[in-house]
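Have the chain open while you go through them.

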Amino acid sequence: MNSFHFSPFADLFSKDVIVQLHFKMKAFIWTAGVLIFLLIGTGHCRGGQFKIKKMTQRRYPRATDGKEEVKKCSYTFLVPEQKITGPICVNTKGQDAGAMKDMVTRMDLENLKDVLSRQKREIDVLQLVVDVDGNIVNEVKLLRKESRNMNSRVTQLYMQLLHEIIRKRDNSLELSQLENKVLNVTTEMLKMATRYRELEVVPQHIPNSHQYTPGLLGGNEIQRDPGYPRDLMPPPDLATSPTKSPFKMPPVTFINEGPFKDCQQAKEAGHSISGIYLIKPENSNGPMQLWCENSLDPGGWTVIQKRKDGSVNFFRNWENYKKGFGNIDGEYWLGLENIYMLSNQDNYKLLIELEDWSDKKVYAEYSSFRLEPESEYYRLRLGTYQGNAGDSLMWHNGKQFTTLDRDKDVYTGNCAHFHKGGWWYNTCAHSNLNGVWYRGGHYRSKHQDGIFWAEYRGGSYSLRAVQMMIKPID
């Protein structure tokens, strides 16, 4: 009976109980078998002695020494070898219970040691991470400190740069003031030379009705040299003149009629000579004097700007450009407010005449021209272009007027400061007819501050003479 089968109900018991029942039944069966063998063999045994031997594979012969021994009854039990094929039940209630408890405790200690060692390793890793994070925090603190120092240094450099910019601007303003003084002195010299020339020849007849009246300029700074109209003087006798004047004084005609709406109306009234006319636009506060150009076919052009000899400084502030400045029979700017009044009383077109230092003349004409009011900073509005000078003004269309003290251009800086004159700058200019008058054409300057038209001779060429004229559209 080497095997024991359990019924399906064995699943109701625990494994320990089943193992214990298995071993108890085996022990009971073997005990019963031994008792049966002992009872059967008592009749054949003399001395009641017996031996139980374990069957082996080899039998040994009995020893004989020639004497007949007393026969005794002996028994040999064959105990089959057992092989453990089922589960082993551990009895925790027997003698080895304490050892098992100790063994379990040692296993628990080993497991606990493993857990503790693993936790120690994790703590070491966390400590390493904390150390690394601490180093990173220290580096971040150092970087923040360096950043603060750098910001302080940048602020210091910015303040130094701002101070330098202010100083250079003050120097440029001082330079412009000196230029104004030099130009004013030059103008005074020209006036003195003119008076000297006029005193050389005594006029025989001066009609009072043709005397020039500078008070009709409407309060602007546009002036003309005071004195007698030079076109009404008899030509001097150069043979009898004690001294020849170095200045060439072209004749100037002053029309003492009007005021007219514009030069086109004056021409239609029968005045076809180029000269100074009295003009009063509609809705204007008073008349103004300006130059009417009739030498260009078909005539009737109202000159709003003229450059020809550099006798007037155009690097001026907003108030000067608003009211106007210069000499009507020389270089002048009519004034933004006057140009606004003229260009908005009717539909006007613009003609720009350019002359280089080789006496070549080109032109640019725009089909419409007007300015918006001062609230829009006299924004420029142009029509389509035609001509042979190239279109260098359309890039400025829709832009506001900028001066050295009122920056309305698109550029981050002040274009009027760079180009030395007020203009409808974009970023900054493809043309500037209010720049510095340089002699000879090509000039050397840090900025393009000459009188230039980019499509004609480029930005580094200062034109000899320019004039801007408007008239009503036919």
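1. Counting bonded cysteines along the chain, the disulfides of the protein pair up as 1-2, 3-4. A disulfide here is a pair of cysteine sulfur atoms within 2.5 Å, and that rule gives two disulfides.

2. Some ground rules before the details. This is a predicted model, where local features need pLDDT of at least 70, side-chain atom pairs count only at pLDDT 80 or more, and totals for chains, interfaces and linings use all residues. Residues are numbered from 1 along each chain as its sequence is written, and side-chain values use heavy atoms, with hydrogens and water left out.

3. Take Cys 263 and Cys 292: their sulfur atoms sit 1.8 Å apart, and they form a disulfide. Cys 263 belongs to helix α3 (residues 263-268) and Cys 292 to strand β3 (residues 288-293), so this pair ties together parts that are 29 residues apart in sequence. (Helices, H or I with at least four residues, and strands, E with at least two, are DSSP runs numbered from the N terminus.)

4. The link of Cys 263 and Cys 292 is left-handed, with -75° about the S-S bond. Both Cys 263 and Cys 292 are buried, meaning under 20% relative accessible area (1.4 Å probe, protein chains only).

5. Cys 415 and Cys 428 also form a disulfide, with sulfur atoms 1.8 Å apart. Cys 415 is in helix α6 (residues 415-419), while Cys 428 is in the loop between α6 and β11 (431-432), 13 residues apart.

6. The torsion about the S-S bond of Cys 415 and Cys 428 is about -80°, so that disulfide is left-handed. Cys 415 counts as buried because its relative accessibility is 0%; Cys 428 counts as buried at 11%.

Technical notes: Buried means under 20% relative accessible area, exposed over 50%, partly exposed in between (1.4 Å probe, protein chains only).
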